[in-house]
Amino acid sequence: MLFIDKLYETNSLDRNELKELIEANIYTPEDRLFYAARRTRERYYGRSVYFRGLIEFSNYCKNNCYYCGIRRNNKKIHRYRLTKEEILDCCAKGYELGFRTFVLQGGEDPYYTDEMIVDIIESIREKFPDCAITLSIGERPYDSYRRFWDAGADRYLLRHETANEVHYRKLHPSVMTLKSRKECLYNLKEIGFQVGAGFMVGSPYQTIDNLVEDLLFLKELEPHMVGIGPFIPHKDTIFRDEKGGDVDMTLLMLALIRLLLPKALIPSTTALGTVDPLGREKGFAAGANVVMPNLSPQKFRADYSLYDNKICTGLEAAESVEELKQKIEAIGFIPDMSRGDHIGFYLQKRQNSIDIN
Ligand code: SAH
């Protein structure tokens, strides 16, 4: 309890203080911690909840992450890729529904060369100049990121997954390294992207010390966005029999991230909505302020199966955006379909251009 006021006032805590708060994990939504998280969110973003249209454009992946349903070695899923035209159709549908941010997410699919991604970005930019473009396509070299930025992409989501080397090894094959993941995040930031990091709560072998490290890493990186959600086992992965992440622990992490990074844009994720029918609402009450309805073509939604029972037909479907807006209003928040940039972003952009001159 002691540390909550300090966290609220200074937006930082040391390792031991964070650990003590997490070990307790006894908070209810009425508690001071969640109240402080909500107040902090309101300081910069009011009661707005920002909408992003998610386009899952490929479920091919060259990686073999032990937790993920679209991992390369899963031979049981039906693989699909969208063409540029299909992606543009998704954007057009999203634009019509009012979306002004498109998130292009996929497995790490080398089929899409840098040139193809650049072409897709330029086409979206040209057709929807008032929209933000977010990429979430994994690790690529610095120069590729730079080309995507030059083509007009604004934001990039790349969860670090865990900030602890030993834990990282338990979740990924040895060709993937935490060092490279972190390097990508720092590269993206340097180039100028609004960057999103994040991790799964309750992934196999995760300890409370790991969670503390995740929070301290986020504090150090200072990403503009943070995506977290509970780990959910997938039946065709190595972790099929592992226990899933806990809702309360996820909510506690959301609140702590909000308090550590007051200006961050934080989604209430589909994973949270999957493990608890009221998960998304609880996420907003814990300090989240973004929601990412699914704009992918209906016929492929079930194939983008990162984990079992991923919801894709209800309120998380972009088609139900009006219903989702009503739900958000009913719990006292304000749906916001604008680009919804990070509050420090315009200032930062200006500073960048001053540097160049
Ligand atoms: N390939 C891209 C993004 C696709 S996966 C990338 O590397 O960034 C998006 C996120 O889903 C991952 O970062 C991971 O944190 C999450 N995820 C994957 N499998 C999951 C599972 N079984 N349970 C919960 N979240 C999962």
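**Close-up views of a predicted model**

A nitrogen atom of the ligand lies 3.5 Å from a polar backbone atom of L306, a polar contact being a pair of N or O atoms within 3.5 Å; within protein, one must be able to donate a hydrogen and the other to accept it, and residues adjacent in sequence count only if both atoms are side-chain atoms. The model is predicted: local features need pLDDT of at least 70 and side-chain atom pairs count only at pLDDT 80 or more, while totals for chains, interfaces and linings use all residues. Residues are numbered from 1 along each chain as its sequence is written, and side-chain values use heavy atoms, with hydrogens and water left out.

View 1. The ligand is surrounded by 18 residues, the closest being Y67, G106, R159, E161 and I232 (a residue is near if one of its heavy atoms lies within 4 Å). An oxygen atom of the ligand is 2.5 Å from an N or O atom in the side chain of E161. A polar backbone atom of I232 is 2.7 Å from a nitrogen atom of the ligand.

**View 2. An open sheet of three strands.** The strands are ordered β8-β1-β9, with parallel pairing (two strands pair if DSSP finds at least two bridges between them; helices, H or I of at least four residues, and strands, E of at least two, are DSSP runs numbered from the N terminus). Because β8 (290-291) and β9 (334-336) each have a single partner strand, one side of each is left without a neighbour in the sheet. Strand β1 (residues 48-51) is joined to β8 by two bridges, and Y50 has V290 as its bridge partner in β8.

View 3. S268 lies in the loop between α10 (247-260) and α11 (270-275). With a relative accessibility of 4%, S268 is buried (buried means under 20% relative accessible area, exposed over 50%, partly exposed in between; 1.4 Å probe, protein chains only). The S268 side chain reaches the backbone oxygen of R280 at 2.8 Å.

**View 4. Two residues with positive phi.** Most residues other than glycine have a negative phi. Y205, in the loop between β6 (194-201) and α9 (208-221), has a positive phi of about 70° and is partly exposed, at 49%. N309 has a positive phi of about 60° and is exposed, at 67%.
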